[in-house]
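This briefing is meant for a reader who is meeting the structure for the first time. Please look over the sequence and the model before going on to the points below.

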Amino acid sequence: MNQSAQPTGLKTSKTPASEDVRLALRAATMYHLEGATQAEIAAKLGVSRPTAGRLLARARSQGLVRVEILVPPELEGSVNTELESELEKRFGLAEVLVVPEANSDSDDPDYDALGRRAADVLVRRLQPSSVLGFTWGPETVAVAGSLPDRAAKCSAVVQLDGSMTVTDYQTGVDFTIGRCAQQLQANPIRLNAPLYADPATVESMQNDSVISKALQAGTDSDIMVFGVGAVSTATTLFAGSFVDSTMLDELESRGAAGEIGGRFYTIDGTPVEGPLPERTVSVSLDAVKSCDQTILISGGTHKRQAVLGALRGGLAHVLVTDVECAQWLLES
């Protein structure tokens, strides 16, 4: 706090300070330097609590208080509060965590670093009654692997998208749901279904008592955690033979920029139309958008368009990403 500077519009030092300015200075000193509460200030100065609040507000508005935030030298380069704040304002996000150690300015990002920070966010936000939904992929595997033992608790953990495939590709579902259930003391709800099937089969599965309950639990999740996929061969869907080159070409022609849980959207976050949605076994993008808390974890150069589309479409409330992606998002 600086009491020596002369605020604009106040009397010069040759003229005695008015009583309200003196009280504002006294209140600011007590609050910022002595750690007094507004109630304590009111009692000390003989004013009401609302008046104490107004005195503090006046001190700030007239330049009587100067606040300076200092980053400790040992943390320089490892915190990005300004970048995070800019992203929160730009996309209307509740929270952004920029992870410098992710070093993901490549097609092979460090998901472990992203997962550790995302696990911290998740632990803070989970409640014992929460239902946690997740899509499968390397991002959520990293989150599950980083969950500390019994640091939080939730009611259930549910798989949001089908994962069964004819290939031997490992989606990480078993590890993710098992680890989350163990560390969070939660009931696991598995979606025993393929991600894609013909429309008649999908309709039949949606009417199945077990699968429909899993899908409904996922749709009603209190918190959803997911990564995003790119529309390219450098994606888990392609690696696992869930989609082929022909399908990718069709998706690109329809303006697809990314996917969540096998459901594709454009660069503006609009769901991509066509034959694929009715063949998909996962929660809808509308359900993702309607969820009160959604945590998006992603990094790497080839996923930036997918991240941008998800943010523009209001599909995420919290973003955990790398420095390079964060800077790119602000420039887009």
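In helix α13 (residues 304-312), 7 of the 9 residues are buried, so this helix is largely enclosed by the rest of the structure; buried means under 20% relative accessible area, exposed over 50%, and partly exposed in between, with a 1.4 Å probe and protein chains only. The model is a predicted one, in which local features need pLDDT of at least 70 and side-chain atom pairs count only at pLDDT 80 or more, while totals for chains, interfaces and linings use all residues. Residues are numbered from 1 along each chain as its sequence is written, and side-chain values use heavy atoms, with hydrogens and water left out.

**Helix α13**

- The buried residues of α13 are Arg 304, Ala 306, Val 307, Leu 308, Gly 309, Ala 310 and Leu 311; helices (H or I, at least four residues) and strands (E, at least two) are DSSP runs, numbered from the N terminus.
- The cover over these buried residues includes the helices α4 (81-91) and α14 (323-331), together with β6 (256-260), β7 (263-266), β8 (293-297) and β9 (318-322), where contact means heavy atoms within 4.5 Å.
- Following α13 comes Gly 314, which has a positive phi near 70 degrees.

**Helix α3 and its neighbours**

- Helix α3 (residues 49-61) has 13 residues and spans 19 Å from its first C-alpha to its last, close to the 18 Å expected at 1.5 Å a residue, the expected span being 1.5 Å times one less than the number of residues.
- Ala 52, Gly 53, Leu 55, Leu 56 and Ala 59 are buried in α3, and seen down the helix axis the buried residues fall within an arc of 155 degrees, so they line one face; the arc is that of the directions from the helix axis to the C-beta atoms.
- These buried residues pack against α1 (19-33) and α2 (38-45), whereas the face turned away from the buried side carries the exposed residues Arg 54 and Ser 61.
- Just after α3, Gly 63 takes a positive phi of about 80 degrees.

**The aromatic pair**

- A search of the whole structure finds 1 aromatic pair, counting rings of Phe, Tyr and Trp (its six-membered ring) whose centres lie within 6.5 Å, with planes under 30 degrees apart taken as stacked, over 60 as edge-to-face and the rest as tilted.
- The rings of Trp 136 and Phe 242 have centres 5.1 Å apart and planes at 40 degrees, so the pair is tilted.
- Trp 136 and Phe 242 are both buried.
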